[in-house]
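Me: Could you take me through the labels used for this model, one at a time? I would like to see each value set against its cut-off.

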Amino acid sequence: MAANSFDDETEFDDETDFDLTSGAGASSTYPVQCSALRKNGYVVIKGRPCKIVAISTSKTGEVHLVGVDIFTSKKLEDLSPSTYNMDVPNVTYTEYSLISIDDGFLSLLTDSGSTKDDVKLPEGELGQKIQADFEDGKELLITIAASMGEEGATSYK
């Protein structure tokens, strides 16, 4: 029998659906050696996507990382050998025009002209400022960060 040929018992179902897209979270992070990480870069600490705000290496080769969660602004720390690989999150930032705020969710205008209504108004000072400026009639551009299957407003102008 020749290579790559099929025997008579092989059947193909015309209804077979091959999903050629990546699964959820398949490319949400990529590995980087700890010693290659830099301040203002990104890293996953305790399962959360963080921006690195401080990094130092001890004489024993351990890297002390201090990061701020890009969604909650909470400070997280990690200590790892410089030769270890750490996950770095893929982070994207997109600006949207704010149309309205309904029941704690932002209604945003996309480039295609449709609306995006699944992003919560952030808690704390940022959310209060967005709400106040919007109520004052200002036109706002909201920056939405997306990483590791999560989205959130991180700033506005």
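Reply: Happy to; here are the labels, each with its definition.
This is a predicted model, in which local features need pLDDT of at least 70 and side-chain atom pairs count only at pLDDT 80 or more, while totals for chains, interfaces and linings use all residues. Residues are numbered from 1 along each chain as its sequence is written, and side-chain values use heavy atoms, with hydrogens and water left out.

Me: What makes the contact of Lys116 with Asp118 a salt bridge?
Reply: The term asks for a side-chain nitrogen of Lys or Arg within 4 Å of a carboxyl oxygen of Asp or Glu. Here the N to O distance is 3.1 Å, so the pair qualifies. The structure holds seven salt bridges.

Me: Why is Lys116 called buried and Asp118 partly exposed?
Reply: Buried means under 20% relative accessible area, exposed over 50%, and partly exposed in between (1.4 Å probe, protein chains only). Lys116 has 14%, so it is buried. Asp118, at 48%, therefore counts as partly exposed.

Me: How do you know that Lys116 also pairs with Glu151?
Reply: Their closest N and O atoms are 2.8 Å apart, which meets the salt-bridge definition. Lys116 lies in strand 9 (residues 115–120) and Glu151 in strand 11 (residues 150–156), so the pair ties together parts that are 35 residues apart in sequence. Strands (E, at least two residues) and helices (H or I, at least four) are DSSP runs, numbered from the N terminus. Glu151 itself is partly exposed, at 36%.

Me: What makes Glu125 exposed, and which residue is its salt-bridge partner?
Reply: Its relative accessibility is 54%, so Glu125 counts as exposed. The partner is Lys129, with the closest N and O atoms 3.1 Å apart. Both lie in helix 1 (residues 124–135), four residues apart, about one turn of the helix. Lys129 is partly exposed, at 42%.

Me: How do you know that strand 10 and strand 11 pair?
Reply: Two strands pair if DSSP finds at least two bridges between them. Strand 10 and strand 11 have six, in the antiparallel sense, so they pair. One of the facing couples is Ala145 with Gly152 in strand 11. Strand 7 (residues 92–102) is also joined to strand 10 by six bridges and runs antiparallel to it; there, Tyr93 stands opposite Ala145.

Me: Why is strand 10 described as largely enclosed?
Reply: Five of the seven residues of strand 10 (residues 141–147) are buried, so the rest of the structure largely encloses it.
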